Amino acid sequence: MALDQAFVGRSYPPTDPYEVGREKIREFAESIGEDNPVHTDREAARALGYPDVIAPPTFVFAISFSAAQDVVHDPQLGLDYDRVVHGDQRFVHHRPVRAGDRLTVSSTIEAIKSLAGNDILDIRGDVHDESGELVVTAFTKLVSRSLEES
């Protein structure tokens, strides 16, 4: 059953704040093989004008994807998550994520499309710091496979 187009534009409340820790940034950088010292060495980051270490660009995936779960599990939307695959992810950075940031994510359904019986759901996650500054915009595309593809 196709998802209801009336959900396009629906926004969800912001998540609880996620405090970005220096150690989490270091762990993430190491896990993806990123060895730029700006991610692990406070003095290297300061030398480039940052107040503390900065996160690699994809660091916000975990918190933005977690926020998207509010959309995915909205019972009114009726998405069958057992059929969902992650179709695409992209980020628009307005400034680097820094150690010490307290970030919240507000999710909005940008588009719902049907293609060959599959539902395609585009979710925008606006990541703000505690002052309200937009830090990153995350775009997530989810595909709910048709029953015929089981």
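A: Read along the sequence, the protein chain follows the pattern β-α-α-α-β-β-β-β, that is, 3 helices and 5 strands; helices (H or I, at least four residues) and strands (E, at least two) are DSSP runs, numbered from the N terminus. This is a predicted model, in which local features need pLDDT of at least 70 and side-chain atom pairs count only at pLDDT 80 or more, while totals for chains, interfaces and linings use all residues. Residues are numbered from 1 along each chain as its sequence is written, and side-chain values use heavy atoms, with hydrogens and water left out.

The pLDDT, the predictor's confidence in each residue from 0 to 100, averages 93 over the protein chain, and 97% of the residues score at least 70. Confidence is lowest in helix 3, at a mean of 91, and highest in strand 1 (residues 18-19), at 98.

Rolling a probe the size of a water molecule over the atoms shows where empty space is left. On a 1 Å grid over the protein atoms alone, a cavity is a set of points where a 1.4 Å probe fits but cannot get out, and lining residues have an atom within 4 Å of a point. Grid points are joined across faces, edges and corners, and a volume is the space filled by probe spheres set on the points. By this rule there is 1 cavity of 30 Å³ or more, and the largest cavity holds about 30 Å³ of space.

The lining of the largest cavity consists of Ser64, Ala68, Ser107, Ile123, Arg124, Gly125, Ala138 and Thr140. At least two of the lining residues come from each of helix 3 (61-72), strand 4 (118-128) and strand 5, with strand 4 giving the most, 3 residues. By class, the lining has 3 nonpolar, 4 polar and 1 charged residues, where Ala, Val, Leu, Ile, Met, Phe, Trp, Tyr, Cys and Pro count as nonpolar, Asp, Glu, Lys and Arg as charged, and the others, Gly among them, as polar.

Strand 5 (residues 134-144) also holds Thr137. Thr137 is buried, with a relative accessible area of 7%; buried means under 20%, exposed over 50%, and partly exposed in between (1.4 Å probe, protein chains only).

Technical notes. On a 1 Å grid over the protein atoms alone, a cavity is a set of points where a 1.4 Å probe fits but cannot get out, and a pocket is an open set with protein on both sides within 12 Å along at least five of seven lines; lining residues have an atom within 4 Å of a point.
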